[in-house]
Amino acid sequence: MIGITSGGGTLADFNDAPAAQAERDLLACCAVPDWAREVAAGRPYRDLHALVESAAAGLLRLSWEQVAQALAAHPRIGEHVGGRDRESAWSRREQAGMDGADAATRAALVEANRAYERRFGHLFLIFASGRTDAELLAAARGRLTNDAATERPVVHGELRKIALQRLERLIG
């Protein structure tokens with residue numbers, strides 16, 4: 001298997017990988033084993049579009065319990081992401097907008113994360129790619145005004161965006 005285990009593989013690599021490897025690679029995109037099994041079972045995919053469509057459809061069907069399971073695999077926004085694995089590298093890349101944040105913004109984001117977790121019982125998840133520290137902080141504060149019924153679909157949507165971006169990175 002060339003490349004697929006570290007990301008940037010080809011669709012042919014993904015289609016030809018043993019099922020267990022394909023599922024492990026998909027779990028790096030979204031940590032829901034049922035979703036990973038379903039997408040891996042759909043191979044071979046004729047093109048990237050077909051793979052993304054299948055993955056997106058599966059993500060739409062995730063229950064809230066599965067979304068919560070996936071949330072457990074994500075670091076807090078603004079938190080230092082250690083680790084040398086693919087998911088850690090992706091998280092660092094996705095949160096690059098925080099790289100230049102000053103101490104006051106970082107402290108405010110820590111407090112917004114804590115308030116969010118107290119309010120909703122899970123971490124604040126946002127598609128952070130391309131967003132600045134100020135945008136991330138404003139989004140966290142803004143979403144604190146939601147009730148749970150409003151926030152859950154927002155979280156689900158953010159998870160889908162992250163997972164699909166990671167899938168496209170995985171296939172390269």
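Modeller: Let me begin with a term: buried means under 20% relative accessible area, exposed over 50%, and partly exposed in between, with a 1.4 Å probe and protein chains only. This is a predicted model, in which local features need pLDDT of at least 70 and side-chain atom pairs count only at pLDDT 80 or more, while totals for chains, interfaces and linings use all residues. Residues are numbered from 1 along each chain as its sequence is written, and side-chain values use heavy atoms, with hydrogens and water left out.

Colleague: Then is Asp 99 buried or exposed?

Modeller: Asp 99 is exposed, as its relative accessible area is 61%. Asp 99 sits in the loop between helix H6 (86-94) and helix H7 (103-120), where helices (H or I, at least four residues) and strands (E, at least two) are DSSP runs numbered from the N terminus. The C-alpha atoms of Asp 99 and Thr 132 are 9.0 Å apart, although 33 residues separate the two along the chain.

Colleague: And where is His 122?

Modeller: His 122 lies in the loop between H7 and helix H8 (133-143), and with a relative accessibility of 14% His 122 counts as buried.

Colleague: What does His 122 touch?

Modeller: Leaving aside residues up to four places away in sequence, His 122 touches Trp 64, Leu 71, Tyr 116, Glu 117 and Val 155, contact meaning heavy atoms within 4.5 Å.

Colleague: Switching topic, how many disulfides are there?

Modeller: The count comes to 0 disulfides, a disulfide being a pair of cysteine sulfur atoms within 2.5 Å.

Colleague: How do H3 and H4 pack?

Modeller: Helix H3 (residues 33-41) and helix H4 (residues 48-60) pack at an angle of about 150 degrees, and their axes are 10 Å apart; axes are lines fitted to C-alpha atoms, for helices over the stretch in contact, and angles run from 0 to 180 degrees between N-to-C directions. That angle makes H3 roughly antiparallel to H4, given that angles under 35 degrees count as roughly parallel, over 145 as roughly antiparallel, 65 to 115 as roughly perpendicular and the rest as oblique. On the H3 side the contact is made by Trp 35, Glu 38 and Val 39, and on the H4 side by Leu 51, Ala 55, Gly 58 and Leu 59.

Colleague: What about the loop joining those two?

Modeller: Pro 44 is placed in the loop between H3 and H4, and the peptide bond from Arg 43 to Pro 44 is cis, with omega near 5 degrees. As background, most peptide bonds are trans.

Colleague: And how does H2 pack with H3?

Modeller: Helix H2 (residues 19-27) packs with H3 at an angle of about 130 degrees, their axes being 8 Å apart, and the two are therefore oblique to each other. Among the residues in this contact are Ala 19, Ala 22 and Leu 26 of H2, together with Pro 33, Trp 35 and Val 39 of H3.
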